[in-house]
Amino acid sequence: MSNSTKKYDVVIVGAGFAGNVMALELAKAGKKVLMLEGGDPFKSDNREVFMQNFFLAMAKTPESPYPQNYNSPRPSVLDIQNITPNSPQGQNGINPVKDIATNGYFIEKGPMAFGSTYERVAGGTSWHWLGTCLRLLPSDFKMKTEFGVGVDWPISYDDLSAYYNKAEFEIGVSADVEEQNIHGVTFTPGYKYPMQSLPPTVLDKKFSEKLNGITLDGSIVKVTGTPAGRNSTSNKIDGKIYNNGRRLCQGNTNCTPICPIQAKYDATVTLAKALNTGNVDIMYQTVAYNIQIDESTKKVTGIAYKQYETKLGPVTGEGVVTATSYIIAAHAVETAKLLLMSKNKTMPNGIANSSGQVGKNLMDHPVKLSWGLMPESTYPFRGPLSTSGIETTRDGEFRKKRAAYRIEIGNEGWNWTMGAPYSTLTDLVNKNTFGKALRQEIASNFTRQFRIGFLVEQLPGDGYIVPSAIATDNLGLPRPEVHYDLSDYTKAGFEAAVEATNTIFGLLGAKESIESSNPPASRPGSFTYNNKTYFSNGAGHVMGTHRMGSTPQDSVTDANMKTWDHDNLYLVGCGTFPTTGTANPSLTMMALAYKATEALLKTL
């Protein structure tokens, strides 16, 4: 329980990427902050426990280290296997715990399965993010103006550039300014990333050798190092060696779901700093369920919560926390759900929803995976999951007609695509391959596996979420009902990705796996476009459910992430994105959190 006599300047719901940044910055400015976190307490031995869970898990999914919490549940990629395409699942809501265990947390309404997930623990989804820290392109902020599709952001790249710097130093990004200076991405004069680029892998070098200089999507291809939120060799900044106190990356290829040594940044780093200021309190195992509003002033007056002691236990406490200002940083799905749950007489459609946009415009980076065997050994299963990519395909006049994509070069063989090396070994044994023949097959097959991932942009308007009217979690709160689809604009991006795959595999002399080139139409996530079947994977990049904008008629917040409807309520996280671009969104989310904090401090 919170101290009812203590006065807080700000209450923050959610202790993930954005919430922890704002808590730290507010605390450094001398403000008193209370955080509500639905998950378990942050403990020093969490990583060891999570690693043990991961080692023992049969399926090495993004969620495998982190036990399901039925009082603060989250989706899992394994849930998608229980979904028949175009046939919504889990709709009875009679036994919520059994329902979640059987069909998953989401109530999938289709027509396509939504393949992305998140974590509801202290540190949020940073526990299983990949660590990619690309900046958005200048053109990504003005899709309507530049290409006549989607909408424009209410800010420009230049407006966010200085905040990108702050986010990169808080994370500890390893990258090279010269490599990232593509498609008009600029940096402040003399800027250096805090750490040097990670070295390229054998596979990266082979891609560079065979592909650099070719033309793809109207641009000259250049393989470049991918900015990463993991430690390499520090740069000297203003005469001092950058040091974030974490260890150097040791090349474990399980960054998703967990870095065993915290070489990869996770948001508990920032949370620990915030708590150490003495200005931040946190209530764990505390789930916000109602935002209370003064109906005359429209200001938030408090946030009601439920508490529990065990993952299956009953509610052990309820109450309301109060402050001067409020921040919801609970993830794109959970933030939208909380806003829509918080109804009153004057706002029957939910809080901050006069525009009708809350929960709308659910977006992801649908992923087209392509995988196969290289003609010679390139030694996967070593190093971070991805160290290089092709970013020259991210922009061009083609965006007037179809989606752009970036190409991620994967170092984990067929792990994501086929569950290798475990599944590959099982398949060989099931074919009665043993002894010397087994060792030879492993040496030949395992060392040549590779995959690439096309992260395709998605425009707003293809999906939305609402609180379910019939299915609840263990606390009796509605579960998210997800409606998701892909537009022809995005599907055309998949079509272009297949053409690019053929070009790339041909130049590499690689043989594409039959499962890659011919996905079954019955598989959840499959769709047909121009008489060809494609399969879409979730990237885990959930965006767009409470977007920012220039007017209250078509958006939920202004450019500072303050809600149009409530003067003391801010919404942060990837839900603020009006469009997706092709960059992994976590860096931009943190940059926006810095921007929102600066604006909030001026009002306190």
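Modeller: Let us begin with strands: strands (E, at least two residues) and helices (H or I, at least four residues) are DSSP runs, numbered from the N terminus. Two strands pair if DSSP finds at least two bridges between them. This is a predicted model, in which local features need pLDDT of at least 70, side-chain atom pairs count only at pLDDT 80 or more, and totals for chains, interfaces and linings use all residues. Residues are numbered from 1 along each chain as its sequence is written, and side-chain values use heavy atoms, with hydrogens and water left out.

Biologist: What makes β10 and β11 a pair, and what lies between them?

Modeller: Seven bridges join β10 to β11 (residues 300-308) in the antiparallel sense, against the required at least two. Threonine 286 faces glutamine 307, and asparagine 290 faces alanine 304. The two strands form a hairpin with six residues between them, and lysine 298 in the turn has a positive phi of about 70°.

Biologist: Why are β10 and β12 called edge strands?

Modeller: The open sheet has the order β10-β11-β12, with antiparallel pairing. β10 (286-293) and β12 (315-321) each pair on one side only, and are therefore its edges. β11 pairs with β12 over six bridges, tyrosine 308 being the bridge partner of valine 315, and a hairpin of six residues joins the two strands.

Biologist: How do you know that β11 is mostly covered?

Modeller: Buried means under 20% relative accessible area, exposed over 50%, and partly exposed in between, with a 1.4 Å probe and protein chains only. Eight of the nine residues of β11 are buried.

Biologist: What makes the buried residues of α7 line one face?

Modeller: In α7 (residues 202-211), Leu203, Asp204, Lys206, Phe207 and Leu211 are buried. Seen down the helix axis, the buried residues fall within an arc of 160°, so they line one face; the arc is that of the directions from the axis to the C-beta atoms. Lys205 and Glu209 are exposed on the face turned away from the buried side.

Biologist: Which strands are the edges of the six-stranded sheet?

Modeller: The order of this open, antiparallel sheet is β6-β15-β16-β17-β14-β20. Its edge strands are β6 (223-225) and β20 (511-512), each pairing on one side only. Three bridges join β6 to β15 (residues 388-390), where glycine 225 stands opposite serine 388.
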